[in-house]
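I opened the notebook to look up a few things in this structure. The entries follow in the order in which I took them.

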Amino acid sequence: MSTRKKIKVEDVTKVFTNNKGEQQQALAGVDLTVFDTEFICLLGASGCGKTTLLNLMAGFESISSGTIYIDDKPVGSPQPQYQTIFQNYGLFPWRTVEENIEYGLEVQGVSLAERRKIAANYMEMVGLEKFRHSHPHQLSGGMQQRVAIARALAVEPEVLFMDEPFGALDALTRFRMQEEITRIWQENKQTIVFVTHDIDEAVFLADRIFIMSPYPGRIKTVVPVPIGRPRDRTDYDFIKIRDRIYGEFKLTVKKELDYYI
Amino acid sequence: MAVKEKYFLPLITFTLVLTAWQAVVSLGIWEDYLFPSPVAVARGIMEIALNGMLWEHIGVSLFRFFTGYLLAAMIAVPLGLIAGWHRRLWLAIDPLVQVLRPISPIAWMPLIALWFGIGNLPAIVIILLAAFYPILLSTVAAVKNVDPVYLKVAQNFGTSQRDILKKVVVPAAFPYIMMGMHIALGTAWVFLVAGEMMGVRSGLGFLIVDARNSMRTELVLAGMIIIGALGLTLDRSIGSLEKLVKRRWGFNA
Ligand SMILES: Nc1ncnc2c1ncn2[C@@H]1O[C@H](COP(=O)(O)OP(=O)(O)OP(=O)(O)O)[C@@H](O)[C@H]1O
Ligand SMILES: [Mg+2]
């Protein structure tokens with residue numbers, strides 16, 4: 001991990017107005033910095049604004065106040081070099097695995113021969129060579145998410161935004177995908193912002209964990225995870241950090257109770 | 001078993017209906033020419049099949065039908081794509097479409113006869129009118145219902161507006177457009193007879209009118225049955241095409 005700042009979120013708020021005209025503050029005064037090639041997790045309960053924050057960073061939503069910089073430039077519309085991977089994969093069902101992976105290259109005007117070569121490389125990276133002519137619906141959820149990852153990687157992004165990408169997978173597949181994304185990140189050196197509400201997943205993946213609290217969403221604590229990789233979920237240090245985070249969440253619960261009494 | 005049932009049960013229905021029909025005829029309440037027997041109808045079908053008239057009528061009818069239907073698709077699909085994509089355009093033209101849509105193509109017939117004279121054209125225009133609205137409306141709905149995540153992905157990869165339509169919206173909407181084409185086919189087929197009842201001297205609609213004028217009621221019924229059978233065949237054909245597309249797109253249909 002370098003000390004160069006890749007993403008800077010400065011005092012960002014987000015207010016949604018629903019169709020009745022009521023306003024809801026989804027984020028309040030969020031500050032965070034992500035270093036180049038760093039892997040961070042946004043962790044928090046449902047509704048605390050993780051997706052909102054990710055969408056703001058990726059350029060899918062507009063900021064209400066504050067600024068977000070990536071590579072020292074204010075975030076505008078979504079860019080190919082900053083790729084978002086969605087929980088429901090967003091694969092194009094009418095395209096084969098290979099054609100899905102080639103999509104980004106195709107719109108950039110890369111020649112067919114070159115596209116095939118690059119796609120083959122990434123299909124190998126995610127272990128799907130045998131399925132290049134399959135359609136997404138013929139694959140399991142884990143395989144579909146691999147295709148989505150390969151499609152994003154094919155345009156060599158510098159940043160990956162991932163919104164609960166393994167949320168729909170069973171526990172064992174999820175473990176395997178966590179190992180795989182760690183390996184891919186170590187090989188390719190992207191900056192990764194990964195949203196999850198799974199504490200174990202966050203401790204397994206992240207260099208630093210940003211714990212968020214709701215109503216309105218803000219960053220509550222930042223927990224560094226100074227454990228080497230590959231990580232062992234039964235390791236003493238691993239469990240210590242995980243327990244610390246459990247503690248953080250209990251605190252949140254107590255605070256809320258106090259508030260209501 | 002299920003496959004056998006699929007053919008066996010309808011067979012029973014047809015047999016029962018034919019038997020009942022023949023039984024009523026045998027009561028002898030009505031004159032033959034008012035209420036022809038199934039045997040007479042079958043003989044009528046044989047007659048026009050053997051002298052070649054039937055195939056000629058079917059040929060022109062199918063030609064008119066598909067010309068009108070495909071013209072409707074060629075106008076309604078692109079229009080629906082554009083109107084579905086540009087929200088404000090659809091807001092502007094939706095009320096007009098909703099006013100025109102309930103007007104039966106039959107109501108247009110006097111004007112169509114005046115404008116297009118006689119020959120193939122009036123029949124083609126009637127079919128076109130009948131097929132147009134279902135295709136247009138389903139295309140608009142298909143575009144509006146494209147999963148936003150596809151659009152986000154396209155945007156993320158820097159897809160141009162033109163490419164988003166071509167590479168994402170059209171293929172994403174395609175199965176639903178097929179559904180609309182399927183519905184439109186059935187709707188338009190119903191108007192075939194109406195389209196061929198004036199200004200032409202060929203086609204299945206003409207066959208029926210002509211047979212009535214010469215009091216050949218068994219040929220009227222023959223024409224009706226053939227229209228029904230062809231309608232079923234066309235519906236099943238486009239139905240299997242639609243199923244194929246849906247399977248390719250990963251729908252569990
Ligand atoms: N488009 C929207 N319009 C109005 N309110 C919204 C919108 N999107 C999110 N919100 C609100 O903002 C808050 C944060 O939502 P967000 O989806 O970011 O939470 P999250 O942490 O991702 O939750 P989850 O874990 O359930 O995905 C919620 O209270 C939500 O109701
Ligand atoms: Mg979310």
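I read chain B along its sequence and got the pattern α-α-α-α-α-α-α-α-α-α-α. The tally is eleven helices and zero strands. I note here that the model is predicted.

Next I looked up the overall dimensions of chain B. Its C-alpha trace spans about 75 × 55 × 30 Å along the principal axes. Chain B has 253 residues, and 43% of them count as buried. I took the accessible surface of chain B as about 14,100 Å², with 70% of that belonging to carbon and sulfur atoms. For contacts in chain B between residues at least 6 apart in sequence, I noted that 75% join residues at least 24 apart.

Then I turned to charge. Chain B carries 20 positive and 13 negative side chains, and 14 Å separates the centres of the two sets. On the surface I found a patch of positive charge made by B:Lys6, B:Arg236, B:Lys243 and B:Arg247. Helix α11 of chain B, residues 217-248, gives the most to this patch, with three residues. B:Lys6 sits in helix α1 of chain B, residues 2-26. I list B:Lys6 as exposed because its relative accessibility is 57%, and the cut-off for exposed is over 50%.

Last entry, chain A. I looked up A:Ile245, which lies in helix α7, residues 236-260. A:Ile245 counts as buried because its relative accessibility is 0%. Leaving out residues up to four places away in sequence, A:Ile245 touches A:Leu43, A:Ile199, A:Val203, A:Ile209, A:Ile211 and A:Val223. I also checked A:Ala202: A:Ile245 is 43 residues from A:Ala202 in sequence and 9.9 Å from A:Ala202 in space, C-alpha to C-alpha.

Notes:
Residues are numbered from 1 along each chain as its sequence is written. Chains are lettered from A and ligands numbered from 1 in the order in which they are written. This is a predicted model: local features need pLDDT of at least 70, side-chain atom pairs count only at pLDDT 80 or more; totals for chains, interfaces and linings use all residues. Side-chain values use heavy atoms; hydrogens and water are left out. Patches are made of residues with over 30% relative accessible area and no salt bridge: like charges are joined within 9 Å, nonpolar side chains (Val, Leu, Ile, Met, Phe, Trp, Tyr) within 5 Å. Accessible areas come from the Shrake-Rupley method with a 1.4 Å probe; for residues, only the protein chains shown count as cover. A salt bridge is a side-chain nitrogen of Lys or Arg within 4 Å of a carboxyl oxygen of Asp or Glu. Lys and Arg count as positive and Asp and Glu as negative; His and the chain ends are not counted. The place of a charge is taken as NZ of Lys, CZ of Arg, CG of Asp or CD of Glu. Helices (H or I, at least four residues) and strands (E, at least two) are DSSP runs, numbered from the N terminus. Buried means under 20% relative accessible area, exposed over 50%, partly exposed in between (1.4 Å probe, protein chains only). Contact means heavy atoms within 4.5 Å.
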